[in-house]
Amino acid sequence: EGKARSIQVNYSLNPSGLSGLLARGAHCALQAGEESFWKYHDAAFKTATAKGWKTAAPESAEALGEVIAAAGLDKDKISACVATPEAAAAGLATVDAFKKIGVTGTPTVFVNGRRLGLSGHQRLQDAVDGAIAVR
């Protein structure tokens, strides 16, 4: 406690596919406030898992609408934001920045500026504790 902090970043594994669309939706939900973002975030993962959506699937306005509805957010407002160049630019900037530091998938964890390698069934808590102890 007090030795680590978690930062959520909307990182799309496929910016031109469904994961890119959903990441832009997360960006737009955040514009509506932190509570809206977390509702969207949770709904996106639950819906994608339940429906078996793949990151490489093509963009789908229907899928975005399902996530927005599950989150209880304003579909017109979020959808309009997702279609803006600003939302697209935010998503691509994140992907570009993270590729430069070696992020190739999610989740990726950094401790003290170093990428943490997780292996097998290692618990995240144990890996973070070990990385902090090495410091």
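## A partly exposed ring and its partner

Phe-98 is partly exposed, with 23% relative accessible area (buried is under 20%, exposed over 50%, and partly exposed in between, using a 1.4 Å probe and protein chains only). This is a predicted model, where local features need pLDDT of at least 70, side-chain atom pairs count only at pLDDT 80 or more, and totals for chains, interfaces and linings use all residues. Residues are numbered from 1 along each chain as its sequence is written, and side-chain values use heavy atoms, leaving out hydrogens and water.

## Aromatic pairs

Let's look at the rings next. The structure holds two aromatic pairs (rings of Phe, Tyr and Trp, the last by its six-membered ring, with centres within 6.5 Å; planes under 30 degrees apart are stacked, over 60 edge-to-face, the rest tilted). Tyr-11 and Phe-98 make a tilted pair, 5.9 Å centre to centre with 40 degrees between the planes. Tyr-11 sits in the segment before α1 (18-31) and Phe-98 in helix α5 (residues 85-100), so this pair links parts 87 residues apart in sequence. Tyr-11 is buried, at 14% relative accessible area.

Phe-37 and Trp-38 are edge-to-face, because their planes stand at 80 degrees, with ring centres 4.8 Å apart. Phe-37 is buried at 5%, while Trp-38 is partly exposed at 35%.

## The disulfide

How many disulfides does a search of the whole structure find? There is one (a pair of cysteine sulfur atoms within 2.5 Å). Cys-28 and Cys-81 form this bond, with their sulfur atoms 2.1 Å apart. Its S-S torsion is about -80 degrees, so the disulfide is left-handed. Cys-28 is buried, at 3% relative accessible area.

How values were computed: Helices (H or I, at least four residues) and strands (E, at least two) are DSSP runs, numbered from the N terminus.
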